[in-house]
Amino acid sequence: MPGLLAHILMSKFVDHIPLNRQITQFKRQDVRIPGSTINDWLSASCDALLPLGRILQERTLQCSYLQADETTIRVQDPRKNGKTHTGYFWLYHNLEQRLLFFDYRPGRNRAGLSEILQNFTGCLQTDGYRSYDEIVAKYNMIRLGCMAHARRKFYDARDGSPEPCEWMLKHIGELYDIERRARDKNLNVKERFELREKHARPILESIKKWLNEKTLSISSHTDLGVAISYMLKQWPRLNNYLLDGRFEIDNNLIENAVRPVAIGRKNWLFAGSHENAKRMALIYSLLGTAKLHDVEPYAYLKDILTRINGHSMKHLD
C-alpha cells in the first residue's frame with residue numbers, strides 16, 4: 001500500500017498527471033479505484049506526513065540566509081459555482097542546508113509572510129514585491145535583490161531601445177561571467193568574496209554611473225525608463241550580494257523550485273479546496289527538498305509512508 005500511495009503522489013506532483021488521468025490508467029489495467037477513495041488515501045497520507053512537514057518548516061527557517069518567492073495557484077471556490085479563487089504558494093529556500101518549504105495562503109498580503117518570518121533573523125533575498133519591504137523593516141533583516149529580475153526588464157525593452165539595453169545586458173553578463181568563474185573554480189566563500197570585490201564591484205560602479213546619467217534623459221513612461229527606474233530603486237539590494245561570499249547574485253535557485261508548480265498547473269488546473277492546496281504545499285516541500293539532495297522521489301515517499309506511522313515523533317529529525 002505505501003508503494004501505491006507513493007506512486008500516486010509522485011505521478012501527480014513529479015510527473016504532473018492529474019488524478020482523473022491516473023484513474024483512467026488504472027482502469028486500463030483492470031484496476032478500478034473510485035476517485036473518492038484515492039482522495040481519502042491522499043488526505044490520510046498527508047495527515048501522516050504533516051509532522052514531518054512542520055519539522056521541515058522549522059529547519060528551513062533556522063539559517064542566516066534565506067531566499068523567498070511566491071507563485072499563484074487556482075483553488076476551487078465552494079461559494080461560487082464553477083469559479084476559482086487565486087491563492088498563493090510562498091516558497092522559502094535555505095541554501096546552506098538545501099531545504100525547501102512551501103506555505104499556502106489564500107492571498108498575497110503580508111500576513112502570511114509576517115507569521116512565517118517573525119522569528120527569522122538574517123538576510124532575505126527576494127524580488128521587488130513591496131510586501132517584502134515591510135517585513136524586512138519590521139524584523140530588521142538585510143534585504144538582497146535579484147539581478148535576474150532587473151536584467152529581464154532591460155531584455156524586454158530591447159525592441160524600443162536596442163543600443164542602451166545591449167549596453168546594460170553586456171555589463172550584467174559580465175557580472176554573471178564572474179559568478180560562473182567562481183563556480184567553475186569551486187571557490188570557497190572567502191575566495192568568492194574576494195573575486196567579486198576585485199572584478200564585480202567596478203562593473204557595478206560603472207552600471208550605477210550609467211543609470212544616474214540615463215535617468216535624467218529617458219522618459220519614465222518608456223520600457224527603458226521603467227527598467228532604469230526599477231534598477232535604481234533596487235540598487236542597494238542588488239549590491240548586497242557583495243557583502244558575503246555565501247550570497248547569490250539572484251533568486252534563480254528558488255525560482256527553479258517553482259517550475260514543478262507551473263508545469264503542474266497546466267495539467268491539474270486547480271486545487272479542489274484550500275485544504276487540498278495546503279496538502280499540495282506539504283508534498284511540494286518534501287519532494288522539493290528531496291530533489292535538492294538528489295533523492296529519488298518514489299523511493300523516498302515509499303520509505304516514509306512505510307515507517308512514519310510507527311515512528312517515534314521525538315525522532316522524526
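1. In helix H6, residues Met-147, Ala-148, Arg-151, Phe-154 and Tyr-155 meet Cys-165, Met-168, Leu-169, Ile-172, Leu-175 and Tyr-176 of helix H7. By class, the residues of this H6–H7 contact comprise 10 nonpolar, no polar and 1 charged. The model discussed here is a predicted one.

2. The geometry of this pair is as follows. H6 spans residues 147-156 and H7 spans residues 162-184; the two pack at an angle of about 155 degrees, and their axes lie 9 Å apart. Angles over 145 degrees count as roughly antiparallel, and H6 and H7 are therefore roughly antiparallel to each other. Their crossing is left-handed.

3. The contact draws on Ser-43, Cys-46, Leu-49, Leu-50, Leu-52, Gly-53 and Leu-56 from H3, and on Arg-279, Leu-282, Ile-283, Ser-285, Leu-286 and Thr-289 from H11. The residues of this contact divide into 8 nonpolar, 4 polar and 1 charged. H3 and H11 cross in a left-handed sense.

4. H11 also packs with helix H12 (residues 297-307), at an angle of about 125 degrees and with axes 10 Å apart. H11 is consequently oblique to H12, and the crossing of this pair is right-handed. On the H11 side the contact is made by Leu-286, Leu-287 and Ala-290, and on the H12 side by Pro-297, Tyr-300 and Leu-301. The residues of the H11–H12 contact are 6 nonpolar, with no polar and no charged. Leu-286 of H11 is named in the contact with H3 and also in the contact with H12.

5. The largest pocket has a volume of about 580 Å³. It is lined by 22 residues, of which Ala-257, Leu-287, Gly-288, Lys-291 and Leu-292 are the closest to its centre. Leu-287 is also among the H11 residues that contact H12.

6. Strand E3 (99-105), helix H10 (252-268) and helix H11 (274-292) each supply at least two residues of the lining of the largest pocket. The lining residues divide into 15 nonpolar, 4 polar and 3 charged.

How values were computed:
Residues are numbered from 1 along each chain as its sequence is written. This is a predicted model: local features need pLDDT of at least 70, side-chain atom pairs count only at pLDDT 80 or more; totals for chains, interfaces and linings use all residues. Side-chain values use heavy atoms; hydrogens and water are left out. On a 1 Å grid over the protein atoms alone, a cavity is a set of points where a 1.4 Å probe fits but cannot get out, and a pocket is an open set with protein on both sides within 12 Å along at least five of seven lines; lining residues have an atom within 4 Å of a point. Grid points are joined across faces, edges and corners, and a volume is the space filled by probe spheres set on the points. Helices (H or I, at least four residues) and strands (E, at least two) are DSSP runs, numbered from the N terminus. Ala, Val, Leu, Ile, Met, Phe, Trp, Tyr, Cys and Pro count as nonpolar, Asp, Glu, Lys and Arg as charged, and the others, Gly among them, as polar. A crossing is left-handed if the near helix is turned anticlockwise from the far one by less than a right angle, and right-handed if clockwise. Contact means heavy atoms within 4.5 Å. Axes are lines fitted to C-alpha atoms, for helices over the stretch in contact, and angles run from 0 to 180 degrees between N-to-C directions. Angles under 35 degrees count as roughly parallel, over 145 as roughly antiparallel, 65 to 115 as roughly perpendicular and the rest as oblique.
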